[in-house]
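Hi everyone, thanks for coming. I'd like to walk you through a structure and point out a few places worth looking at on your screens. Here it is.

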Amino acid sequence: MSQAALLVIGLFALLPMDAAIAHAPFEGVGSFYGGLLHPLFVPTHVLAVVGTGLLMGRQAPRWRWFPPASYVAGLAVGFAAMISAYAPQSAGAVLLAAAAASGALVALARPLPEILGCVLALMTGLALALDSPPGGISVREANVILIGTFCGAAVLLLGVVELTIMLRREWQRIGVRILGSWIAASAIMGLTLRLTR
Amino acid sequence: MRSLGLCFWIVVPSLLATPVLAHTGGVSGGFVGGFAHPLFGPDHVLAMVAVGLWGAFLDAPGIFILPIVFPLVMAFGGALGILNVPLLGTEAAIAISAVVLGLMVALAARLPIWMASVVVGAFAIFHGYAHGAELPAGADAVLYCVGFVIATGLLHLSGIALGLTVRWPVGNIGVRGAGAAITCAGIVFLWRLA
C-alpha cells in the first residue's frame, strides 16, 4: 500500500467516529478488546494521541525514545491512580489542551527541545488514563478493561509515530502539518465549548 | 507520478464529502452536524474555496500554507464566538472576504506568504466567530468541532485541487474566472446585507 493511501486512510479514520459511537462498538467484543478499542472511538482521545504521535514522528530522529516512554509512564501512573479510585473531571479538558498544543506545534514545524515532548507526552498519557474509567461490573473485569485500554493507547501512539516517520516527501510533510492544524483547531474550539458549558 | 499522488490525496477527500452530506437532514449536533454547518453558508463555501484557489498563484509552499494558517486562526475566532465576545460586522466581513479573496484569485495576485497569511487570517477570525456563535446548544463539543474543521479543510483542499489546473492555459483562465465569479457573488452578499 502506498504512503499516500495510508495517509488518506488515516485521515478518514476520523470520519466514522460519530456513527461508531452511536452503534456501541464494544458490544460483544469482550472486556480486553473493548478496552483495547476504547481510545480509537473517543474523539478527545484520538485527537490527543494522534496530535502527540504526529509531533513525535515529525521531530524524529532528534527526539529519541524519551517522549514515547514518558507517554507510557503517564498511562501507567494514570491507570494506577484509576485503580486507586481517583478519577478527576478535568482530564478531558487537559487532553484537549494537549491536543491543541501538539497540533499547533506540528503545524509550526520547527525543531523543538525533547523535554517539551516528554512533558506533553506525560500529560497526554496521564490524562488519557484518568479519562478512561472502566465500565466493568467486577474489579477483575474493570482491570482487564484498563489493561486493554493501556495496550490500545500505547499501540495507537506508536502506530501514528511510525506512520508519520514514513512520510518523508515534501507534500506528505505538508499534509501532516495541515492535519496538525486541523487537530489544533478542533481541540481549541472543543476546549472552549467544554469550559463554557 | 508525484503530482498524480498529490492529486489523489487532494481529490479523494473532496469526493468523500458528498455521501457524508447525504445524511445530514435535521442533525444539529455531533460530527455530521459540524461537518454540514460550513457547507450550508454559500458565503463561507465560496470564501473557503477561494483560499485554496489563491494558493495556486502563490510561490511554492504558499498553496498549502494558507490552509494551515486558516484553521488555526479560525479556531481563535470560533472561541471568541463561543464566549460571546462582541465582534462587530461579522456578516459584512464574511461577504467582504468573498469579494477580496475572489479578487486575489481573479488578479492572480502574488503577495508574499506572510502578507497573504495576514489577509486570510484576518478573515478567518470572522468566519470562525460566526460558526462559534451559531453552535447549537446540544452539540457534542469535540465531534462537532472536528466535523466543522474537516469540512472547512476539505473546502480548502477542493480549491487547491481546482487551483492545480493553473499550470495549463485553459485552467488558468478557468481559475481566474472562478475568482471573478466569487467576487461578484461576494458583492451580491454585501448588497443583500445593506
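**Around a tryptophan**

Let's start at B:Trp54, which is in contact with B:Leu66, B:Leu101, B:Met104, B:Val105, B:Ala109, B:Leu111, B:Ala116, B:Val119 and B:Val120, once its neighbours within four places in sequence are left aside. Contact here means heavy atoms within 4.5 Å.

Before going on, some ground rules: this is a predicted model, where local features need pLDDT of at least 70 and side-chain atom pairs count only at pLDDT 80 or more, while totals for chains, interfaces and linings use all residues. Residues are numbered from 1 along each chain as its sequence is written, chains are lettered from A and ligands numbered from 1 in the order in which they are written, and side-chain values use heavy atoms, with hydrogens and water left out.

Back to our tryptophan. B:Trp54 belongs to the largest nonpolar core, which has 97 residues. A nonpolar core, for us, is a set of buried Ala, Val, Leu, Ile, Met, Phe, Trp, Tyr and Cys residues joined through side-chain atoms within 4.5 Å. Buried means under 20% relative accessible area, exposed means over 50%, and partly exposed is in between, with a 1.4 Å probe and protein chains only. Which members touch the most other members of that core? They are A:Leu54, A:Tyr71, A:Leu75, A:Trp182, B:Trp54 and B:Leu101. Helix H7 of chain B, residues 141-163, gives the most to this core, with 14 residues.

**The two chains**

Zooming out, chain A has 9 helices and 0 strands, and chain B has 8 helices and 0 strands. Those are DSSP runs numbered from the N terminus: H or I over at least four residues for helices, E over at least two for strands. Of the 197 residues in chain A, 52% are buried; of the 194 in chain B, 56% are.

In chain B, 85% of the contacts between residues at least 6 apart in sequence join residues at least 24 apart.

Now for some torsions. Most residues other than glycine have a negative phi, and most peptide bonds are trans. With that in mind, where is there a cis peptide bond? It joins A:Ala60 and A:Pro61, with omega at about 5°. A:Pro61 sits in the loop between helix H4 (43-59) and helix H5 (66-83) of chain A.

Next, A:Ala109 has a positive phi, near 55°, and is not a glycine. You'll find A:Ala109 in the loop between helix H6 (91-108) and helix H7 (114-130) of chain A, and at 24% relative accessibility it counts as partly exposed. In chain B, B:Ala108 also has a positive phi, about 50°. B:Ala108 lies in the loop between helix H5 (90-106) and helix H6 (113-133) of chain B. Is B:Ala108 buried or exposed? Its relative accessible area is 17%, so B:Ala108 is buried.

**Side chains to click on**

Let's turn to A:Thr192, in helix H9 (residues 170-196) of chain A. A:Thr192 is buried, with a relative accessible area of 11%. Its side chain reaches the backbone oxygen of A:Ile188 at 2.7 Å. That is a polar contact: a pair of N or O atoms within 3.5 Å where, within protein, one must be able to donate a hydrogen and the other to accept it, and residues adjacent in sequence count only if both atoms are side-chain atoms. Across in chain B, A:Thr192 touches B:Ala79, B:Ile82 and B:Leu83.

On to rings. There are 4 aromatic pairs over all chains, counting rings of Phe, Tyr and Trp (its six-membered ring) with centres within 6.5 Å; planes under 30 degrees apart are stacked, over 60 edge-to-face, and the rest tilted. One of them is A:Phe32 with A:Tyr33, edge-to-face at 5.4 Å centre to centre and 80° between the planes.

Finally, cysteines. How many disulfides are there over all chains? The search finds 0, taking a disulfide as a pair of cysteine sulfur atoms within 2.5 Å. A:Cys118 is buried at 15% relative accessible area, and B:Cys145 is buried at 0%.
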